[in-house]
There are 2 protein chains.
Amino acid sequence: MNYMNLAIEQAIKTEKDIPVGAVVVKDGEVIASAHNTKELDNDITSHAEIIAIRKASKILNNWRLTGCDIYVTLEPCPMCGWAILQSGIKNLYFGSYDSNYGAFTSNCDLRKISNNKTNVYGGIQEEECNRILIDFFKTIR
Amino acid sequence: MNYMNLAIEQAIKTEKDIPVGAVVVKDGEVIASAHNTKELDNDITSHAEIIAIRKASKILNNWRLTGCDIYVTLEPCPMCGWAILQSGIKNLYFGSYDSNYGAFTSNCDLRKISNNKTNVYGGIQEEECNRILIDFFKTIR
């Protein structure tokens, strides 16, 4: 299964917010998926990754997401990046790079100060993920 | 009113978790307070600051916490630090420095990559805040 496609499906569902989608996968099964609802919920913490991580923890009844992977359409910000690292997620796959707020490449690399070393793979289906963001910013201008 | 004392009161309430407390203040009034419940709730995002910020946003019906201050007994981690910066909180006052995961001094300074420039004041009632952590780590050893 192409999990990034599922994250993209989530991103497209976003209404008032910047379209970002995330899915958490364990043993080949999608256990949580979410999209950005910061504006919709009036909650700074309602990024796709945070919501997906909280759902996954509820399902596994454990804050440790050992053996889980996360697919996100946009490079996580430091808030989400730290939650991903601290939850012990094994692999992070993201689509678009965020040159403003990305927490793993352009601006800073949170792995440098974390004991948990999540593997990070950026630029997955990058063009497709970029397109979703470009289209969104066009409509709000 | 001494708001750090209220944050300390919250920290002491913590049960299974590392004792950390936070209060959000607006116009001299405490609008939200919380303590760390990560282990209790099995939720990596249930740090004192995140819970207090979410409560404050609910009360103000706005993710923007403009004009608010936050008092925390421990230097925020990158997850909480980014939530504080992005919410537009005006002033952050924290007690103990976190040389492992602190997001404003020892390890990294998230303000360098943020447009929102929260004022940060560390070491407020530091000895008292340190004592709470030292006592906690003694009991679990």
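Predicted model: local features only at pLDDT ≥ 70, side-chain atom pairs only at ≥ 80, totals over all residues.
1. **Length of α5(A).** Helix α5 of chain A takes in residues 126-139, 14 residues in total. At 1.5 Å a residue it should span 20 Å, and its end C-alpha atoms are 20 Å apart, which agrees.

2. **Buried side of α5(A).** Four residues of α5(A) are buried: C129(A), I132(A), L133(A) and F136(A). They cover an arc of only 90 degrees around the axis, which puts them on the same side of α5(A). An α-helix has 3.6 residues a turn, so residues three or four places apart point the same way.

3. On the face turned away from the buried side, α5(A) carries the exposed residues E127(A) and K138(A).

4. **Buried side of α1(A).** In α1(A) the buried residues are Y3(A), M4(A), A7(A), I8(A), Q10(A) and A11(A). Seen down the helix axis, they fall within an arc of 160 degrees, so they line one face of α1(A). The face turned away from that side carries exposed E9(A) and I12(A).

5. **Surroundings of α1(A).** The buried residues of α1(A) pack against strands β1 (21-26), β2 (29-35), β3 and β4 of chain A. They also pack against α5 of chain A.

6. **Geometry of the helix pair.** Two packed helices are described by the angle between their axes and the distance between the axes. For α1(A) and α5(A), the angle is about 5 degrees and the axes are 11 Å apart. Angles under 35 degrees count as roughly parallel. The two helices α1(A) and α5(A) are therefore roughly parallel to each other.

7. **Residues at the contact.** From α1(A), the contact uses M4(A), N5(A), I8(A), A11(A) and I12(A). They meet E128(A), C129(A) and I132(A) in α5(A). By class, the residues of this contact divide into 6 nonpolar, 1 polar and 1 charged. On the α5(A) side, C129(A) and I132(A) are among the buried residues of the helix. On the α1(A) side, I12(A) is exposed, whereas M4(A), I8(A) and A11(A) are buried.

8. **L40 in chain B.** L40(B) sits in helix α2 of chain B, residues 38-41. It is partly exposed, with a relative accessible area of 42%. Leaving aside neighbours within four places in sequence, L40(B) contacts E15(B), K16(B) and D17(B). K117(B) lies 77 residues from L40(B) along the chain, and their C-alpha atoms are separated by 33 Å.

Terms used
Residues numbered from 1 in each chain as written. Chains lettered and ligands numbered in written order. Heavy atoms only, no water. Expected span 1.5 Å × (residues − 1). Buried < 20%, exposed > 50% of the residue type's maximum accessible area, 1.4 Å probe, protein only. Arc of directions from axis to C-beta. Axes fitted to C-alpha atoms, helices over the stretch in contact; angles between N-to-C directions. Parallel < 35°, antiparallel > 145°, perpendicular 65-115°, else oblique. Contact = heavy atoms within 4.5 Å. Nonpolar A, V, L, I, M, F, W, Y, C, P; charged D, E, K, R; others polar.
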